[in-house]
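Colleague: I am new to reading structures, and I would like to go through this one slowly with you. Could you show it to me before we begin?

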Amino acid sequence: MKLVATLLLVGMLILWTELPTGSAWSCPHVRIICAMLNPPNQCYTDRQCPRYKKCCPTFCGRKCISRPPSLPV
C-alpha cells in the first residue's frame, strides 16, 4: 500500500513539474519537418525559456518562441 501511494506521489510531482508556467497559449502546429536526422534543440521545457516564451517544436528542433500574434476577427 505504501509503495502504491509513493508511486502516485512521484507521478503527480513529475506531472506538476511539466505544467506550463503561467502561459495559456499552445505551440503552433508544425507542417514542415527538417531533413536533418537529429536537429539541435535550444530547449527541452518551458522553464528553460525566457519569460513569456515557450519551448515549442519548430520545423528543425525545439526553440523558445514568443506567443504568435492573434488573428483579427
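**Strands, disulfides and contacts**

Modeller: Let us start with the strands: β1 and β2 run antiparallel and are joined by six bridges, where two strands count as paired if DSSP finds at least two bridges between them. The model is a predicted one, in which local features need pLDDT of at least 70 and side-chain atom pairs count only at pLDDT 80 or more, while totals for chains, interfaces and linings use all residues. Residues are numbered from 1 along each chain as its sequence is written, and side-chain values use heavy atoms, with hydrogens and water left out.

Colleague: In what order do the elements of the protein chain run from the N terminus on?

Modeller: Helices (H or I, at least four residues) and strands (E, at least two) are DSSP runs, numbered from the N terminus. The protein chain has one helix and two strands, and β1 and β2 form a hairpin with two residues between them. Read from the N terminus on, the order of the elements is α-β-β.

Colleague: Which residue in β2 is the bridge partner of K54?

Modeller: K54 also lies over the face of W25, at 5.7 Å from the ring centre; a charge sits over a ring if NZ of Lys or CZ of Arg is within 6 Å of the ring centre and within 35 degrees of the ring normal. As for the bridge, the partner of K54 in β2 is I65.

Colleague: How many disulfides does the structure hold?

Modeller: A disulfide is a covalent bond between the sulfur atoms of two cysteines, and here the term is used for a pair of cysteine sulfur atoms within 2.5 Å. If the bonded cysteines of the protein chain are numbered in sequence order, the pairing reads 1-6, 2-7, 3-5, 4-8. The number of disulfides in the structure is four.

Colleague: Why is the disulfide of C27 and C56 said to tie together parts of the chain, and how many residues apart are they in sequence?

Modeller: The sulfur atoms of C27 and C56 are 2.0 Å apart, and the torsion about their S-S bond is about -75°, so this disulfide is left-handed. Because C27 lies in the loop between α1 (2–17) and β1 (53–58) while C56 is in strand β1, the pair ties together parts whose separation in sequence is 29 residues.

Colleague: Is C56 buried or exposed?

Modeller: Buried means under 20% relative accessible area, exposed means over 50%, and partly exposed lies in between (1.4 Å probe, protein chains only). C27, at 28% relative accessibility, counts as partly exposed. C56 has a relative accessibility of 0%, and therefore C56 counts as buried.

Colleague: What is the angle about the S-S bond in the link of C49 and C64?

Modeller: C49 and C64 form a disulfide whose sulfur atoms are 2.2 Å apart. C49 is in the loop between α1 and β1 and C64 is in strand β2, so that the pair links parts of the chain 15 residues apart. At 11% relative accessibility C49 counts as buried, while C64, at 21%, counts as partly exposed. The link is left-handed, and the angle about its S-S bond is -85°.

Colleague: Which residues does R62 touch, not counting residues up to four places away in sequence?

Modeller: R62 is found in strand β2, and at 26% relative accessibility R62 counts as partly exposed. The C-alpha atoms of R62 and Y44 are separated by 6.9 Å, although the two residues are 18 residues apart along the chain. With contact meaning heavy atoms within 4.5 Å, and with that exclusion, R62 touches P40, N41, Q42, C43, Y44, C55, C56 and P57.

Colleague: How far apart in space are P28 and P57, C-alpha to C-alpha?

Modeller: P28 is found in the loop between α1 and β1, and at 39% relative accessibility P28 counts as partly exposed. Not counting residues up to four places away in sequence, P28 touches C56 and I65. P28 and P57 are 29 residues apart in sequence, and their C-alpha to C-alpha distance is 8.4 Å.
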